[in-house]
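Have the structure open as you read.

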Amino acid sequence: MKNNISKKAKLIGMLIAMAVSSFNSVEACANELEDKEVVMGDTKIDKKTYVKALEDINIYDSVECNNVIGTLEENKDLPFNCLWDEGFYEVKYNDSIGFVECNKCNLISKYNFVNMVEFMNDCTMYVEDNNGVTSVVNVEKQAVGGLVKTVGSWSLVYMDDTLGYVKSDNLRTLSDSFVVVDESDLMLYLYQDCNLILEAPVITGRKNHETDQGDFKVYDKKTGYKMHGVDQDTGKPYEAYVDYCVMYNKEHQEYIHDASWRSEADFENRFELPNIRSHGCVNAKKRTAQTVYNVLDKGDDAIVRP
């Protein structure tokens, strides 16, 4: 997905834990994410990062898990401080700090948008700096941004840490929750209530089994489902059991689903290993597929981009 708000959000997927040697207590954060503030005239956009629980989880006083100091309830969130190499997020909790396990949470970005929009045409965004000087930014068709406000026939949109005005007839409103699969970086971006709540690696269709690209709507979703198909290369039928699947392409029976037969290395090396690509569905890690299943409903937008 080119020139859209999730490009900056890729910092989340690029967090690399720094080694911390010989310590017995909490002394330093391994990595931090930068919150941002963008101002245009009297309009201010804040981007802040939060930790959102996938289930009820404990909040500890240290990464050693010696004492439980609270509970972060499912779908609730706390402000994010940094990532620890032991697999913990440091969060702000009761005017102090706490620690929660990474594998039980998502990092989400919060913005104060009216709704999310997609650019339907290549168009021009007009950006004004602090001195009142206006510059022009070219925006590509299919970019995604956040609508801040509408003024007459113009819309103020936030995209790539930039606030600018575009003609409103270039935009279409997306559903409150939607998903974007970007084949250029083999990543999935999940939005809920105008916030990017998840980005994760995915594996899409291989040669002769290409994943269809375009704009779709969620048609159905299932749990504990046995999928059937025919390999076009060999002509042999196949079947696979999945825990979570969301159908977005009814015509060609394409789903976003978990793939227990795939290893962590498959997702990490998805560009270098074309033979591991799918039969056309979007393969995701189980946690990713579960989150997509829980967030999206029938009729929500599902977008697959080149």
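By the rule used here, to how many salt bridges does the count come? The count comes to 14. Bear in mind that this is a predicted model, so everything below is computed from predicted atoms.

**The chain as a whole**

Some background before the pairs. The chain has 25 strands and 3 helices. Of its 306 residues, 51% count as buried. Among contacts with a separation of 6 or more, 62% are between residues 24 or more positions apart. The accessible surface comes to about 15,000 Å², and carbon and sulfur atoms account for 45% of that surface.

| Pair | Closest N and O atoms |
|---|---|
| R305 and E118 | 2.0 Å |
| K285 and E264 | 2.9 Å |
| D297 and K221 | 3.5 Å |

Take R305 and E118, with their closest N and O atoms 2.0 Å apart. The pair links distant parts of the chain, with R305 in strand β25 (residues 301-305) and E118 in strand β10 (residues 115-119), 187 residues apart. Are these two residues buried or exposed? Both R305 and E118 are buried. The two also belong to a network of salt bridges that links E118, R172, D215, K217, D301 and R305.

D297 forms a salt bridge with K221, at 3.5 Å between the closest N and O atoms. Because D297 lies in the loop between α3 (286-295) and β25 while K221 is in strand β21, this bridge ties together parts that are 76 residues apart in sequence. D297 counts as partly exposed, at 43% relative accessibility. K221 is partly exposed as well, with a relative accessible area of 24%.

Then there's K285, which forms a salt bridge with E264, the closest N and O atoms being 2.9 Å apart. K285 sits in the loop between β24 (282-284) and α3, and E264 in helix α2 (residues 264-268), so this pair ties together parts that are 21 residues apart in sequence. Why does K285 count as partly exposed? Because its relative accessibility is 26%, and partly exposed covers the range between under 20% (buried) and over 50% (exposed). E264 is also partly exposed, with a relative accessible area of 47%.

**The second largest pocket**

Which strands each supply at least two residues of the lining? They are β21 (220-230), β22 (237-249) and β23 (254-258). The largest share, 6 residues, comes from β21. K221 of the D297 pair also lies in strand β21.

**Two positive phi values**

Finally, a pair of backbone angles to check. D161 has a phi near 60°, a positive value in a residue other than glycine. You'll find D161 in the loop between β14 (154-159) and β15 (162-167). C194 is another such residue, its phi being positive and near 70°. The place to look for C194 is the loop between β18 (187-192) and β19 (195-203). With a relative accessibility of 9%, C194 counts as buried.

How values were computed: Residues are numbered from 1 along each chain as its sequence is written. This is a predicted model: local features need pLDDT of at least 70, side-chain atom pairs count only at pLDDT 80 or more; totals for chains, interfaces and linings use all residues. Side-chain values use heavy atoms; hydrogens and water are left out. Helices (H or I, at least four residues) and strands (E, at least two) are DSSP runs, numbered from the N terminus. A salt bridge is a side-chain nitrogen of Lys or Arg within 4 Å of a carboxyl oxygen of Asp or Glu. Buried means under 20% relative accessible area, exposed over 50%, partly exposed in between (1.4 Å probe, protein chains only). Contact means heavy atoms within 4.5 Å. Accessible areas come from the Shrake-Rupley method with a 1.4 Å probe; for residues, only the protein chains shown count as cover.
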